[in-house]
Amino acid sequence: MENICKYRVVDSIAIIEMCHPPVNALSLALRKSISEGFKAAQGDQAVNGVILASNCELFSGGADILEFGSGGDTKSPFLPQICNIIDDFPKLVVAAIQGSAFGGGFELALSCDYRFAAPKVLLGLPEVNLGIIPGAGGTQRLPRLLGAEKSVKMMVSGKPEKAEILFKDGVVDHIFDGEGDFLQAAVSYTKGLLAEKVTLRDYSKMKVDTSDLNADFFSGFRKEIARKTRGFFAPERVIRAVEAAVSLPFVEGLNRERDLFLECAATSQARGQLHVFFAERAATKIPDIDESVQVREIRSVCIIGAGTMGTGIAIAVLAAGYSVILLDLSQEALESGMNSIRKNFAREVEKGRMTDATVEKILSQLKGTVDYGDIVSVDLVIEAVFEKMEIKKAVFEQLDVVCKPGAILATNTSTLDVNEIAAVTNRAEDVIGMHFFSPANIMRLLEIIRAEQTGKDVIATSLKFAKSIRKVSVVAGVCHGFIGNRMVAAYCGEAERLLLEGASPAQVDKAIFDFGFAMGPFSMNDMAGNDVPHLSRQSYPQGSYDRDPSAFAVQDKLVSLGRLGQKTGRGFYLYEGRSKIVDPEIEIIAKELAERFGVTQRAISDEEIVQRCIFSLINEGALLLEEGIAYRSSDIDVVYCNGYGFPTYRGGPMHYADEIGLDKVVDALKGFQTTLGAYGAEFFKPAPLLLKLASAEQSLQDCHRMWGTNFKVYSKGINT
Ligand code: NAD
């Protein structure tokens, strides 16, 4: 057997040191090796106690999720068995936690009698983010140490906690004081416990302390999290598992946990959430860029434009420790941008998330200017000025003159042609798109736009920079709207068409909300401002929406009436303060426009609304793959789940298409092609890629496996 744990005995203490880089994922090999270690320690009369430690950066990142689905995770000894071996071990067992422990890694540590940890390491049970619950006793052991309330909150949020906090809560028993070697200190601590003849922790004899637990705690908690966890299957199962910890004997609780775990693991949600997890990691791997590509050093960043996006980007960049120059041509806009940055950090202090000293340090790194002469030495420029090609070009001409050689010049354009912007400079290889989402300091997504001449090192540097400011990034090629906005235009176009055919904004929004989106298309447009897509359509290439004379007729009409959305108190809805009110006038406007364009109105089912909007999204995604704008279908899923409120538990639009079957998607598209007249014939043409994959009974994911991840590769592969 491959022995990947180091085993040695020091002063009658056996040290089982997990050595399975990079993160001690609890694969079958590691589980076997841990089990061998415990067997050896049990059989050795000279051993009085055991320390379970790690020589990787993490104590353990948890289960090896590559084993999920292949059945590897259920091969003996599987993780719950290992945890039970440790829990029932007749000698003292101490977890020496020098690096963070997540999921199964933390469950392993919880099974030990005592936990000795470095103060800042993170301990957590994030399984809920993968659509499952802890399945190796975590839901039963943690509440016995931490209490039901804190445990259920920790597991439902999936958020880890620092060891020093969990020490105060009684989960960690001793904090390393930083003096000398960690493992030696763990040995001394264990020797001390042995000398004191401490009792071994026996979870089966422990009860969850419910003295402070309100009788209606669980029902209240369910209500509290209802909005946040809407549609997700796993959070409710976490609650049921903790209820079992409170009400059942330990072993029965473990059985209940297993049933709930298996119930979750079998859902399409677990498949969807796992898919998104892997998709986010795959998205940063670019086929022609490997580790030999040298990244450029980024220390200082200039942001041009102190408007909504510029200030949000500045906050994210400052918070990551970079020095920032904010530049705007208008002194007034600059002042207002600088103030909103300061206010944002002041709020962080008020909420206790940052100290005064930290904020002072961050703000000392911020400088405002109206003078391009001040940015000559910055390493990266992110332009966020008005969305007008002439203005962007003027800015890049200026940047080409003032910026030092090697500076990366990025544009935050949402739709415009990055090749055209790059062409006004004498350094097109340094020009790239960095498409942030609003609010830029909150939204996780960053679409990185690779123009024709963008240097590989510029892409690699941008990916590294994105990670450093805690963004999830996806690389896309140049087209109008890139991945996200091009697809959203297809989806919103379909929602608009449904208004003409007789649906109301509230009906469409509700159907999409019930599907699981954070909000429906009309609420989204009212929030972003109806003038934004209206303006962006002016630069759409010919042959897109102009194929339908009625496309976006309602929105265009609203813009002409000054009904821009929330900011004007009126858009697809009326707004009174924070409340949104249905406006009957929209139906009148839609009816008039329908008559003008010869569209017959009728009652439309919610199912039809969802299919038409979501399948339009999928179809456009397939076209993007064929055109080589996206490297892989999973990249599109990352964009949609992180930037557009697509429900993560459905895995993104492309995974969702695979899940329901491409044949069904194609059949529905063909159906709309015939039932929706000339409009349907034009706008529901199935993407050739979907037709080919469906007839070959393959999935979008298969397509990625078969033809790799090169631009244009999908269509090439399919054609051969
Ligand atoms: P905004 O109108 O809030 O801010 C633009 C700022 O740029 C203004 O302060 C203006 O004074 C300044 N400016 C204009 N010309 C300038 C120049 N030549 N030099 C320096 N400063 C100049 O706009 P915004 O909403 O922040 O959008 C900025 C960019 O970000 C646009 O390209 C937009 O498409 C893109 N974007 C916006 C969003 C969004 O939701 N608002 C999302 C993603 C991307």
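Where does P22 lie? P22 turns up in the loop between strand 2 (13-18) and strand 3 (25-26); helices (H or I, at least four residues) and strands (E, at least two) are DSSP runs, numbered from the N terminus. The model is predicted, so to speak of a local feature takes a pLDDT of at least 70, side-chain atom pairs count only at pLDDT 80 or more, and totals for chains, interfaces and linings use all residues. Residues are numbered from 1 along each chain as its sequence is written, and side-chain values use heavy atoms, with hydrogens and water left out.

Back to that loop. P21 and P22 are joined by a cis peptide bond, with omega at about 0°. The loop between strand 2 and strand 3 also holds N24, which has a positive phi of about 55° although it is not a glycine. N24 is buried, at 0% relative accessible area; buried means under 20% relative accessible area, exposed over 50%, and partly exposed in between (1.4 Å probe, protein chains only). Another cis peptide bond links S438 to P439, with omega at about -10°, and P439 sits in the loop between strand 17 and strand 18 (445-449). A positive phi also shows up at E697, a residue other than glycine, with a value near 50°. E697 belongs to the loop between helix 29 (688-695) and helix 30 (700-707) and is exposed, with a relative accessible area of 73%.

Next comes the ligand. It is surrounded by 24 residues, and the closest are M309, D328, E387, K392 and S414; a residue counts as near if one of its heavy atoms lies within 4 Å. The shell around the ligand splits into 13 nonpolar, 8 polar and 3 charged residues. Here Ala, Val, Leu, Ile, Met, Phe, Trp, Tyr, Cys and Pro count as nonpolar, Asp, Glu, Lys and Arg as charged, and the others, Gly among them, as polar. Helix 12 (308-319), helix 15 (389-402) and strand 17 (431-436) each give at least two residues to this shell, and helix 15 has the largest share, with 3 residues. Oxygen atoms of the ligand lie 2.7 Å from a polar side-chain atom of D328 and 2.5 Å from a polar side-chain atom of K392. For S414, an N or O atom of the side chain is 2.7 Å from an oxygen atom of the ligand. Taken alone, the ligand exposes 830 Å², and the protein buries 78% of that; these areas come from the Shrake-Rupley method with a 1.4 Å probe, and for residues only the protein chains shown count as cover.

Why is the pair of F232 and Y649 edge-to-face? The ring centres of F232 and Y649 are 4.9 Å apart and the planes are at 80°, so the pair is edge-to-face. F232 is in the loop between helix 8 (217-225) and helix 9 (234-247), and Y649 in the loop between helix 25 (633-643) and helix 26 (653-660), so the pair ties together parts that are 417 residues apart in sequence. F232 is partly exposed at 29% relative accessible area, whereas Y649 is buried at 8%. Elsewhere, ring pairs link Y491, F515, F517, F646 and Y656 into a cluster.

Charges meet rings as well. The charged end of R201 sits over the ring of Y114, 5.0 Å from its centre, and R537 lies over the face of F552, at 3.9 Å from the ring centre. The rule asks for NZ of Lys or CZ of Arg within 6 Å of the ring centre and within 35 degrees of the ring normal.

Finally, a few buried spots. In helix 3 (residues 104-111), 8 of the 8 residues are buried, so the helix is largely enclosed by the rest of the structure. D379, in the loop between strand 14 (366-369) and strand 15 (380-383), is buried at 12% relative accessible area.

Methods. Rings of Phe, Tyr and Trp (its six-membered ring) pair if their centres lie within 6.5 Å; planes under 30 degrees apart count as stacked, over 60 as edge-to-face and the rest as tilted. A polar contact is a pair of N or O atoms within 3.5 Å; within protein, one must be able to donate a hydrogen and the other to accept it, and residues adjacent in sequence count only if both atoms are side-chain atoms.
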